[in-house]
Amino acid sequence: MFGKDTLSNKSILVTGGSSGLGFSMAKRFAELGAKVAICGRNPEKLEKAASELSETKANILTHQVDVRDYEAVGIMIERLVEEFGELNGLVNNAAGNFLCATEDLSPNGFKSVVDIVLHGTFNCTHHFGKYLIDSGNTGNILNIITTYAESGCAFVMPSACAKAGVLAMSKSLAFEWATYGIRVNAIAPGPFPTKGAWTRLVPDPEFEKKFMRRIPAGRFGEHIELANLAVFLMSDLSPYVTGECVTIDGGERLQAGQFNYIAELAPRQEVREFLKKMRPAKE
Ligand code: COA
């Protein structure tokens, strides 16, 4: 589906691109010909990521920034435009999250997550969108949210609130900015193991086992699967797709089905035999 030049006309900023899924997307974009910028708070992590990305021979830039800082984000966008000549893609991937019972959460804990996820996405999107509109260029925004943006989720309430806000932002701007040739889409990943997410959210092998049982596909996601979806949405292969949120989760979000628990009762062959026995005999 993709050629080496699928993204050769793209210059894309991936926030939080020095590790995890952000890095995997940045790497895939670079392999497929894009100029890629990654930003993050930690300069050592940025440099390490940049040296790995440079193996693709792509044009790579790094920028140290905290996406919570509106002015600093503006300076970053200006610099990237100057150095790349233009910027036509933004992936809002930077996030903050931790497990916490809400009754034990401090106001500042709530604020930190919402500031990074919701305000950070606004800050990058606002500067990038204004640059595109003022320069008359078209562009593409991709927001990495989560499957629980729609359902809500216990023990990660600030993240659920913030990601729900980002989903609303995606749909609002997809309509509002379509007239400028700006597409805005989202990806809702289910469980994709990353060091950052796993140490914070899956801190124990028992958690991991239980987590795995929730996934009908029977496995966690692979980074390349998500990265390829991101390529599709960031490329000219999807010019008419906007305001969409694509879920990629091996069916995990479908847990709500009322009779899904039957799949847990016994191995599948036994379940089938049991259900067959329940059929009324033909007259
Ligand atoms: N449980 C409860 N509260 C927590 C917490 C936890 N596990 N981790 C942090 N907090 C609270 C802190 O206590 C603090 O509140 P307080 O001032 O009332 O004590 C508040 O959150 C901010 O913490 P701090 O470490 O000062 O913030 P930060 O801006 O440096 O970091 C976080 C932001 C907390 C989101 C941090 O986890 C982070 O930097 N995450 C980035 C990476 C990430 O989470 N990626 C997502 C992977 S899924």
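1. A friendly place to begin is Phe211, which is partly exposed at 22% relative accessibility (buried means under 20% relative accessible area, exposed over 50%, partly exposed in between, with a 1.4 Å probe and protein chains only). Phe220 is buried at 12%. Ring pairs join Trp198, Phe211 and Phe220 into a cluster.

2. Please keep in mind that this is a predicted model, where local features need pLDDT of at least 70, side-chain atom pairs count only at pLDDT 80 or more, and totals for chains, interfaces and linings use all residues. Residues are numbered from 1 along each chain as its sequence is written, and side-chain values use heavy atoms, with hydrogens and water left out.

3. The structure holds five aromatic pairs (rings of Phe, Tyr and Trp, the last by its six-membered ring, with centres within 6.5 Å; planes under 30 degrees apart are stacked, over 60 edge-to-face, the rest tilted). Among them, Tyr70 and Phe122 are stacked because their ring centres are 6.3 Å apart and their planes at 20 degrees.

4. Now to Ser235, which counts as buried at 1% relative accessibility. A polar atom of the Ser235 side chain lies 3.0 Å from the backbone nitrogen of Leu237 (a polar contact is a pair of N or O atoms within 3.5 Å; within protein, one must be able to donate a hydrogen and the other to accept it, and residues adjacent in sequence count only if both atoms are side-chain atoms). Leaving aside residues up to four places away in sequence, Ser235 touches Thr6, Leu7, Lys10, Asn140 and Arg183 (contact means heavy atoms within 4.5 Å).
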